Structure formats: structure tokens, C-alpha cells
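Please look over the structure below and read the briefing beside it, taking each topic in turn.

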2 protein chains.
Amino acid sequence: MARKKKILATPEPIRPGDEDLGEIRNIVGFHIRLAQGAVYRHFTEAFTSLDLTQKQVSMLWLVGDHPQIAQSDLARRMRMDRATTMAVVNRLEARNLLERQPSPNDGRKHALYLTDDGNQVLSSAKALINQHEEWLKSRFSDAEVSTLIELLSRIHGWFPTD
Amino acid sequence: MARKKKILATPEPIRPGDEDLGEIRNIVGFHIRLAQGAVYRHFTEAFTSLDLTQKQVSMLWLVGDHPQIAQSDLARRMRMDRATTMAVVNRLEARNLLERQPSPNDGRKHALYLTDDGNQVLSSAKALINQHEEWLKSRFSDAEVSTLIELLSRIHGWFPTD
DNA sequence: TATTGTTATACTCTATAACTATA
DNA sequence: TATAGTTATAGAGTATAACAATA
């Protein structure tokens, strides 16, 4: 069930004059969206071979870290609603990377766990993530990376605990 | 051609224990995606009445600032490819907020401009954006806002010129 | 009643590919 | 040849709504 998509288009290069964005350049939300777009494109190119999206990798990662996690727990941690979570889980299950089990404690919940394929793919994905993050972090000092994560955490509500 | 969607679901509140994100908390891309998601949800709630997306508002704003702009110019400034730009322009044109004119200089290009409705909607949108940005910026000092914009600009490639 | 998972439905964004018209 | 716009197609993410099973 592979995607037909082959190579990802990168935006056309900036031309002289394009820099003038007007007042919109002071809108924080605009910059977050553009940054997410840039990261998304680089991520998708990096993961062409594995054919995984940001969301799918995040989910594999979290299930790997928390075996037997329920979908509702996943949804809260990834800040998604149940229906969206369902869609992502379905895709990963269809590719035999992840499976559902009945939860022993709560009949309403399903416990999620990675298959052998899922563990193997996650391992490859983490290696690719490291390369992708290197591309992303290379423009920042370590202190700037910490600052950026801290500022972004204030927006999405997670506070990394070291 | 209004959307059927009425009210937007917000993610369920965080529970004790959810804070443990494991190694993934050090991934910058993960935080950018979560932050964009939070901003997206608040934006969509704020723009329920106007029924506009982030992309649509950005486009109206840029066309308002640069009348007669061509789609290809818009695409470069918003870091989108032509097909995606086309889709957004089509939606705005279908709602009579924006129109295409043949460009006087270059027969290949179409000049875009806002209709009277478009100008009116943009005006309302800017007022809503100010409220939305206030929500976003309230958690930062002015210096932190500048820092955040500067750091994000290094990712998406735009360097605000004051 | 509340929670969890599920299914059906729909819209936006993003992108590829191929085509036409113009420069 | 290169650029600009267009159309067709498709996958992923996001969401609403309604339902069944369980707590």
C-alpha cells in the first residue's frame, strides 16, 4: 500500500523583492506555519524510502516507548482527537507496523504494541530523525536549540522535564 | 459554499503521567509540529465566523499588500508550489473575495486583486488576527517574541527587514 | 453518565504529473 | 527552453457527528 508520490517539490528560490512581506512579517503564527512547512518538506524528503510521515513516526516512537499504550493516551500525548488518532493507527496497522490487543484491565481500551516490523522500522526511523534533526539544528547553537524548544513548549503546553 | 463544520474539538486535557514523552522531547521538529497544531486550533476557533483558514488569510493579506500580484509570486512568498496556490486562489475566488485579471505586461501571468468583499473581509480578518496574536504573544515578553521570530526565520528562510 | 473505540463523512493542505499558452 | 497557469488525481491530516460497548 505504498504511495504513488515519488519526489517532493521544494519551493522556488526567493527572488529579489520577495523579501517585502509587509506587516505580516510581525505575525508569530505566520512564521510558525512557514517553519513547520519547511521542516515538513525536509522530513518528507528524508523519509521517502521509509514512506512515513511525521505523525506516523511520532506514533511509532511513542508506542515503542510505552508498550500497551491505549489510543486515548496516545491522542492526549500527541494533542489529537480520537478520530484522527484512529486514522493514523489504522494506517500503521495496515502496514503491519503496529497491532491492537484487548486491554486486560479495561474492556473499553485496546493496548497498542509494535510488531517486529514496527520495531525494525522505528529503529531505522530514529536514525533518519537524527540526520533530519542535524539539518534542523545545524543553524543553531545548543543554547538556541534549548531556547527554541522552551519557547515552543509554552505554546503547545508541554514542558520537557530533564 | 460554507463548511458544515461547526465547532472545533480541543485536545483533551493533560493528565498526570502524560508528561513523560521520552527521548522525543528533544526533537525540535516534534515541538514545532505541536506548536503549529496548537496555533492552528486556536486560529480555526477564532475564525469560525469568517470561515477562513490560515492560508486563506495569509493570501488575502499578501494580495491586499501587493495588488496585481501574480500567482507565481504569491507561491514563492508563501513557500507553496503552483498547484497548491491554485487551489487556495480558486477557493477565495469562488467566494468572491479575490479576482483574476490578465496581466498587462506578461500574457502568461494573471494579476490578482481583492474585491470589495475581499477588502472588507481582510479588514475583519486583521482585527481577528490581532486578537489571535495577543493570545499567542501573551505568554512571551517582547524580547522573547523577537527571539522566536528570529529563530523560526532561520528555519523557513525569511529574514524580516525592519 | 462518562469513556473508549469505531465508522461515516467532509474539507484543507500538499504534492505529482501532464497539458496549454506565452516569453 | 523556461515560465505561468491549469486540470486531474491522490494521500494525509484534521475535524464533526453518531453509534456501540464498557466502566
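In chain A, 49% of the 162 residues are buried, where buried means under 20% relative accessible area, exposed over 50% and partly exposed in between, with a 1.4 Å probe and protein chains only. This is a predicted model, in which local features need pLDDT of at least 70 and side-chain atom pairs count only at pLDDT 80 or more, while totals for chains, interfaces and linings use all residues. Residues are numbered from 1 along each chain as its sequence is written, chains are lettered from A in the order in which they are written, and side-chain values use heavy atoms, with hydrogens and water left out.

**Chain A as a whole**

- The secondary structure of chain A consists of six helices and three strands, which are DSSP runs numbered from the N terminus (helices are H or I with at least four residues, strands are E with at least two).
- Read from the N terminus, the elements of chain A follow the order α-α-β-α-α-β-β-α-α.
- Of the contacts in chain A between residues at least 6 apart in sequence, 54% join residues at least 24 apart, a contact being heavy atoms within 4.5 Å.

**Two helices of chain A**

- Helix α1(A), residues 28-46, and helix α5(A), residues 116-137, have axes that come within 10 Å and cross at roughly 145°; axes are lines fitted to C-alpha atoms, for helices over the stretch in contact, and angles run from 0 to 180 degrees between N-to-C directions.
- On the α1(A) side the contact is made by Ala38(A), Val39(A), His42(A), Phe43(A) and Ala46(A), and on the α5(A) side by Leu128(A), Ile129(A), His132(A), Trp135(A) and Leu136(A).
- Sorted by class, this contact of α1(A) with α5(A) has eight nonpolar, two polar and no charged residues, where Ala, Val, Leu, Ile, Met, Phe, Trp, Tyr, Cys and Pro count as nonpolar, Asp, Glu, Lys and Arg as charged, and the others, Gly among them, as polar.

**Gln54 of chain B**

- Gln54(B) is found in helix α2 of chain B, which covers residues 54-65.
- Gln54(B) counts as buried because its relative accessibility is 10%.
- Leaving aside residues up to four places away in sequence, Gln54(B) touches Arg33(A), Gln36(B), Val39(B), Tyr40(B) and Phe43(B).
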